[in-house]
Amino acid sequence: MPKGYWVSVYRTISDPEKLAAYNKLAGPAVQLGGGRPLVRGGRVAAYDAGIAERTVLIEFDTFEQAVAARESAAYQEALVALSDGVERDFRIVEGTE
């Protein structure tokens, strides 16, 4: 069964304090949902229309598990803490295997 992935690319971080509050809540929520961080920040080389800003990649055993983790009460609480502190492109994608 194909894995599921959260892909989050930050366009801007306007409030680092809100991002820090989000990170404190999101980490445990992701772990509770079965997610494993593969990329969390670090160096970025952006090409084409890419933005060299913070990028996060989380792996889940299935696409459905990734969606359920995003919809969980614990992760929704993290999103409230983040509110308008960042602008990001967040998507859930299905892996090839």
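Predicted model: local features only at pLDDT ≥ 70, side-chain atom pairs only at ≥ 80, totals over all residues.
Close-up 1. The place of Q76 is in helix α3, and, when residues up to four places away in sequence are not counted, Q76 touches R70 and E71. The C-alpha atom of Q76 is separated by 9.4 Å from that of L25, although these two residues are 51 residues apart along the chain.

Close-up 2. Helix α1 is made up of 17 residues, 16–32, and reaches 24 Å from its first C-alpha to its last, which is close to the 24 Å expected at 1.5 Å a residue. At the start of α1, the backbone nitrogen of E17 has a side-chain oxygen of D15 within 3.1 Å. Further along, α1 bends by about 25° at A26, and the proline P28 follows within four residues. Just after α1, G34 takes a positive phi of about 90°.

**Close-up 3. The buried residues of α1 and what covers them.** The residues of α1 that are buried are L19, Y22, A26, A29 and V30; one of them, A26, is also the residue at which α1 bends. The cover over these buried residues includes the strands β1 (4–13), β3 (55–60) and β4 (86–94), together with helix α3 (73–82).

Close-up 4. Four strands, in the order β2-β3-β1-β4, form an open sheet in which the pairing is antiparallel. Because β2 (36–40) and β4 stand at the edges and each has a single partner strand, one side of each is left without a neighbour in the sheet. From one strand to the next, the twist averages 15°. Strands of a sheet pair through backbone hydrogen bonds, in either a parallel or an antiparallel manner.

**Close-up 5. The pairing of β2 with β3, and the helices on the sheet.** The strands β2 and β3 run antiparallel and are joined by four bridges; R36, for example, has E59 in β3 as its bridge partner. Helix α1 lies across β1, β3 and β4, and runs at about 175° to β1. Helix α2, residues 63–71, packs on the sheet as well, where α2 touches β1, β3 and β4, and the direction of α2 makes about 150° with that of β4.

How values were computed:
Residues numbered from 1 in each chain as written. Heavy atoms only, no water. Helix = DSSP H or I, 4+ residues; strand = E, 2+ residues; numbered from the N terminus. Expected span 1.5 Å × (residues − 1). Bend = angle between axes of the 7 residues up to and from the residue. Buried < 20%, exposed > 50% of the residue type's maximum accessible area, 1.4 Å probe, protein only. Contact = heavy atoms within 4.5 Å. Polar contact = N/O pair within 3.5 Å; in protein donor to acceptor, adjacent residues only side chain to side chain. Pairing = 2+ DSSP bridges. Axes fitted to C-alpha atoms, helices over the stretch in contact; angles between N-to-C directions.
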